[in-house]
Amino acid sequence: MELAPENLLQNLNTRFVGRNIIYYHSLPSTMEIARGAGWRGAAEGTVVITEEQTAGRGRRQRSWLSPPGGIALSLILRPTIQHLPQMIMLASLAVTYAIEAATSLKAGIKWPNDVLIRGKKVCGILIENQLRGGVLEFTIVGIGINVNMDPSVYLEIADIATSLSAELGHPVSCIELVQKLMVEVEQLYLDIRAGQSLHQRWRERMVILGREVQVIEDGKVEQGVAEDVDGDGSLLLRRSDGSLLRIVAGDVTLRPLP
Ligand code: BTN
């Protein structure tokens, strides 16, 4: 019951993010519960949180491991359609800042929104927009953070994932981390609403810029140097023939440094 609302609400320093909490000890995926709550009119900032997911979902139809000891949550936000490109920036930046506020670790972002520590993935983000008749009703920001787990026991992620406890050598308080995450999300969201762009902050955290990468976009493999990320959230890839390719959605793999 670590993540129960009474624990999370104690000394939570936000106005609306995380003030309404839907808590489950275990569930298939927080995304579905958040979707239902959003359509029923749940307040902006509502968070669906659980100790364990039994069918956690990742990007591109992948699954997401969510054993107890980690953070799995979905946030309901109601941004305008113009602010949508900033939502991926908001989510990855908020996680990065929260990890750094709660621990001594330094975190970076791998486009579009994986959070890495020392080159390994510590957090995945899944954003789903809910539309009716072409109108954006709300956005669900799903965040999974490997906090207290040993990634080496899960063969499928052992080589590519890490956790906060694995990096630090001691457990981390999930309550403190979620509270810090809520604070960072709220601040960044208010910045967006006040007309600020998160682009520069997101770009500064991007660990792939200037590196040789492989990008899979719609099943097509592209290779080149990750030259920049644009204000609309896309990746600019410089291919070996000199051409510049704009990639709106895809998966990046860093190629080993020579
Ligand atoms: C990815 O890296 O592929 C995204 C992973 C997103 C995982 C989170 S955990 C909370 C929320 N519920 C889910 O089923 N998925 C997201």
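Trainee: Which element gives the largest share of the shell around the ligand?

Mentor: This is a predicted model, in which local features need pLDDT of at least 70 and side-chain atom pairs count only at pLDDT 80 or more, while totals for chains, interfaces and linings use all residues. Residues are numbered from 1 along each chain as its sequence is written, and side-chain values use heavy atoms, without hydrogens and water. Helices (H or I, at least four residues) and strands (E, at least two) are DSSP runs numbered from the N terminus. The largest share of the shell, four residues, is given by β6.

Trainee: How do the residues of the shell around the ligand divide by class?

Mentor: Ala, Val, Leu, Ile, Met, Phe, Trp, Tyr, Cys and Pro count as nonpolar, Asp, Glu, Lys and Arg as charged, and the others, Gly among them, as polar. The shell residues divide into four charged, seven nonpolar and nine polar.

Trainee: What is the distance from a polar side-chain atom of Lys121 to an oxygen atom of the ligand?

Mentor: A polar contact is a pair of N or O atoms within 3.5 Å. Ser29 has a side-chain N or O atom 2.7 Å from a ligand oxygen, and Gln53 has one 2.8 Å from a ligand nitrogen. For Lys121 and a ligand oxygen, the distance is 2.5 Å.

Trainee: How much of the accessible area of the ligand does the protein cover?

Mentor: Accessible areas come from the Shrake-Rupley method with a 1.4 Å probe. Of the 410 Å² that the ligand has on its own, the protein covers 99%.

Trainee: What is the volume of the largest cavity?

Mentor: On a 1 Å grid over the protein atoms alone, a cavity is a set of points where a 1.4 Å probe fits but cannot get out. Grid points are joined across faces, edges and corners, and a volume is the space filled by probe spheres set on the points. There are two cavities of 30 Å³ or more. The largest has a volume of about 70 Å³.

Methods: Polar contact = N/O pair within 3.5 Å; in protein donor to acceptor, adjacent residues only side chain to side chain. 1 Å grid on protein atoms, 1.4 Å probe; cavity = no way out; pocket = protein on both sides within 12 Å on 5 of 7 lines; lining within 4 Å.
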